[in-house]
Amino acid sequence: MIEFHLDSGSGLSPYQQVVQQVRHALRLGLLREGDQLPKVKDVVAQLAINPNTVLKAYRELEHAGLVAARPGVGTFVSATLPGVAPGVLGPLSRDLRRWIAKARLAGLDDEGIEALITTTLRTTATEETA
């Protein structure tokens, strides 16, 4: 089961962070069809946020067709997002962890690493469309 966390420096509202974390877990195959999302009361207790925030996130995921609420039972994954085969993720993750270690040794903090990745993704997308 997914465990949510909040990052006050992300620039995203708490409900957007919950939505994003579910979408990422679906894309990476960490959540699959039929899996249950944490109950609203458990997320509220874990993150110390308003229940309406969690409900808003779950409703957005439901409107996107990714989850389905079952009254009295919980919220369950009803669809997945395109991703890559699990065998591909392991080696990529290891390579990325090594790269992050090199970036930290070079003096980049998390914000610098994120900025470099974001800029490189944009540059690569621009180059691919040209």
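User: Which side chains does Arg104 meet in a salt bridge, and how do I read such a feature?

Analyst: Start with the general idea: side chains of opposite charge can pair when their charged atoms come close. The label salt bridge is used when a side-chain nitrogen of Lys or Arg is within 4 Å of a carboxyl oxygen of Asp or Glu. Here, the partner of Arg104 is Asp110, at 2.5 Å from N to O. Keep in mind that this is a predicted model, where local features need pLDDT of at least 70 and side-chain atom pairs count only at pLDDT 80 or more, while totals for chains, interfaces and linings use all residues. Residues are numbered from 1 along each chain as its sequence is written, and side-chain values use heavy atoms, with hydrogens and water left out.

User: Are Arg104 and Asp110 buried, partly exposed or exposed?

Analyst: Buried means under 20% relative accessible area, exposed means over 50%, and partly exposed is in between, using a 1.4 Å probe and protein chains only. Arg104 has 47% relative accessibility and is partly exposed. Asp110 is partly exposed too, at 48%.

User: How many salt bridges does the whole structure have?

Analyst: The search finds 2. Helices (H or I, at least four residues) and strands (E, at least two) are DSSP runs, numbered from the N terminus. Arg98 and Asp95 are about one helical turn apart, because they sit 3 residues from each other in helix H4, residues 86-105. Asp95 is partly exposed, with 41% relative accessible area.

User: Which residues make the nonpolar surface patch?

Analyst: A patch is built from residues with over 30% relative accessible area and no salt bridge; like charges are joined within 9 Å, and nonpolar side chains (Val, Leu, Ile, Met, Phe, Trp, Tyr) within 5 Å. Areas come from the Shrake-Rupley method with a 1.4 Å probe, and for residues only the protein chains shown count as cover. In this model, Leu96, Trp99, Leu116, Ile117 and Leu121 make a nonpolar patch of about 440 Å². H4 and helix H5 (110-129) each bring at least two residues to the patch, and H5 gives the most, with 3. Ile117 belongs to H5 and is partly exposed at 32%.

User: What about the inside: which residues have the most contacts in the largest nonpolar core?

Analyst: A nonpolar core is a set of buried Ala, Val, Leu, Ile, Met, Phe, Trp, Tyr and Cys residues joined through side-chain atoms within 4.5 Å. The largest one has 23 residues, and Phe4, Val22, Leu31, Leu37, Tyr58 and Leu61 have the most contacts inside it. Helices H1 (14-27), H2 (40-47) and H3 (51-63) each supply at least two of this core's residues. H1 provides the largest share, 6 residues.

User: What does Val22 touch?

Analyst: Contact means heavy atoms within 4.5 Å. Leaving out residues up to four places away in sequence, Val22 touches Ile2, Phe4, Leu31, Leu37 and Leu61.

User: Where is Ala48?

Analyst: Ala48 lies in the loop between H2 and H3. Its phi is positive, about 55°, although Ala48 is not a glycine. Ala48 is exposed, at 69% relative accessible area.
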